[in-house]
Amino acid sequence: MMNTVKFTIISIVVASTLVLSNADDFSSAFVSPKVNQLRPVVLPLRILKALASIREENADECSLDDPDASGCLQSTGYYTKDPDLVVSEILVAEVESLRAKFPSFDQEGTNVIKRRRNRGHRFHTTESSRMEMEYHEYVEEGELVLMDLIRKPGMGGVSRAFHRAGPRKLLHFDPKTANAAIVTCGGLCPGLNNVIRELVHSLYNVYGVGGNVWGITGGFHGFHDFKNYEPEKDISQLYIIGGDGTHRGAYAISEACEAAGMNVAVAGIPKTIDNDVDYIDRSFGFSTAVEASQAAIRTAKTEAMCNVPNGIGIVKLMGRSAGFLAAFSALGSGDVDLVLVPEVPIILDGPDGILPYLRQRVKEHKFAVVVLAEGAGEELLGISDEVDAGGNKAKPKIGDFIVKSVGDYFKSFGEEATIKYIDPSYTVRSIPANAADSFYCTQLAQHAVHGAMSGLTGFSVGLVNNRMVYLPIPQLVATSPRKMSPHGQTWERLIAMTGQPNTASPKLEKDPDELVNPEPRFG
């Protein structure tokens, strides 16, 4: 209520200055809220005149389709033209379409939202229980999302782009006869059930699918032998949720279906707690895992503070080949003194050693908190030859190694370190998604269904520069799993926050025209 009063009175004062007075010494006051009291604030006339003279037109009202778009934008504050920053060529990541090889449904006016008339059961609604509602906006085939938004002098005029995700006017599949299947592969991730739920919801209650939506248990093991497959369920859309390895399998299925002459759309949805699928801003469940990791870090800090002498809390988080979870969890906490990730080599002793730094930190603050990723320290412990069921190489026990190394280092000075080792492990991924991830899961599922219903196949969906796009699976997996840049802003923020030695390798000079994938976004 107080905020409403403040903004209302400001509006009245600014509007009144145009009518009430033109005197140079005129001033007015508005009431601004403070705790249990009202405080007058004086606005000089020159400020009020400046506010009143601001153009009502803003940059958002300037259409780029307008022939005078440049003039319109210049009138709203975009004054300078930079001839060196021009995008003259856009390279589009094309997604395969079933339309090129199979007949499409393509009936005008059929792609409308089939929403329910009442709030009864969400699924298996009948035709009589649905109401049709047209989309306010369809995505045209030529709509693109630029990937290389940050432009630098001398960069060249080339940019990459992905097709914008969303509903199309024409459908490849007839919703009344379409059948779909959903399969998840790999480990758990916050929001996994949200994605499954919204896939089913979108198929039944957005597109009004008249067939069945099947759930496949056991990952890829739940599939029949493809050579002996009998299409008794007549599945026309397959939704596969998993990481980069799962996406490679999804594309193999897409190619096999095409080779067999099967009109089946295969859509992927990226899932990785490590946030290491390339190109996309972030994977679903990642922000929830970062949030869940805070409890372990707080526990480590409390244990370190309350145990003497030389209390040290060490937390090991997931991150097989990328340290995003450890890095963002540490930054979200603000209480971490040392972060160890796979992308940056660990130096134990010497001027840049983590052990002298950690001991000095304990001497200054009486305690310290360490966060490390499970994949850190391969340069010290070596790469294991053991392989798990998913084909991933087993990681060395970096947590136990660091605990022992720290303890032995303090003993070399005749001192004792009280070390508490915390491994939250699967607890950060087997929890419900937070609100941000739940919404993201809804976006991913709906746009995956939009793409499949329009006939796209061999694609995945995700946020790129905060816009939903369709990504060709071959391109997505070619550079996955991605790694955190040891010369990027995330690592620089960590070094500035912790004060730890920067043991990253020197940055190599790059061609200014070379396009690189930006660091993932978060939040």
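User: Hey, quick one to start: how are α6 and α7 set relative to each other, oblique or roughly parallel?
Analyst: They're oblique. Keep in mind that this is a predicted model. In it, α6 and α7 pack at an angle of about 60 degrees, and their axes are 9 Å apart.

User: Why does that angle count as oblique?
Analyst: Angles under 35 degrees count as roughly parallel and 65 to 115 as roughly perpendicular. With about 60 degrees between them, α6 and α7 are therefore oblique.

User: And which hand does the crossing of α6 and α7 have, left or right?
Analyst: That crossing is right-handed. On the α6 side, the contact is made by F286, A289, V290, S293, Q294 and I297. From α7 come F324, L325, F328, S329, A330, G332 and S333.

User: What sort of residues are those, by class?
Analyst: The contact of α6 with α7 has eight nonpolar residues and five polar ones, with no charged residues.

User: OK, what about α7 and α13, what angle do they pack at?
Analyst: About 45 degrees, with the axes 10 Å apart. Helix α7 covers residues 324-333, and helix α13 covers 489-498. So α7 and α13 are oblique to each other.

User: Which hand is the crossing of α7 and α13?
Analyst: Left-handed. A327, F328, A330 and L331 of α7 make the contact with T490, R493, L494 and M497 of α13. By class, that contact has six nonpolar residues, one polar and one charged.

User: What lines the largest cavity?
Analyst: Its lining is V339, L340, V341, V344, P345, I346, I354, W491, Q500, P501 and T503. Nine of the lining residues are nonpolar and two are polar, with no charged ones. W491 falls within the 489-498 stretch of α13.

User: Now the backbone. Is the peptide bond from V308 to P309 cis or trans?
Analyst: It's cis, with omega near -5 degrees. P309 sits in the loop between α6 (286-306) and β12 (311-317).

User: And what about the peptide bond from S480 to P481, cis or trans?
Analyst: Cis too, with omega near 0 degrees. P481 lies in the loop between α12 (473-478) and α13.

User: Where is Y279 found?
Analyst: Y279 is in the loop between β11 (265-270) and α6.

Note on methods. Residues are numbered from 1 along each chain as its sequence is written. This is a predicted model: local features need pLDDT of at least 70, side-chain atom pairs count only at pLDDT 80 or more; totals for chains, interfaces and linings use all residues. Side-chain values use heavy atoms; hydrogens and water are left out. On a 1 Å grid over the protein atoms alone, a cavity is a set of points where a 1.4 Å probe fits but cannot get out, and a pocket is an open set with protein on both sides within 12 Å along at least five of seven lines; lining residues have an atom within 4 Å of a point. Ala, Val, Leu, Ile, Met, Phe, Trp, Tyr, Cys and Pro count as nonpolar, Asp, Glu, Lys and Arg as charged, and the others, Gly among them, as polar. Axes are lines fitted to C-alpha atoms, for helices over the stretch in contact, and angles run from 0 to 180 degrees between N-to-C directions. Helices (H or I, at least four residues) and strands (E, at least two) are DSSP runs, numbered from the N terminus. Angles under 35 degrees count as roughly parallel, over 145 as roughly antiparallel, 65 to 115 as roughly perpendicular and the rest as oblique. A crossing is left-handed if the near helix is turned anticlockwise from the far one by less than a right angle, and right-handed if clockwise. Contact means heavy atoms within 4.5 Å.
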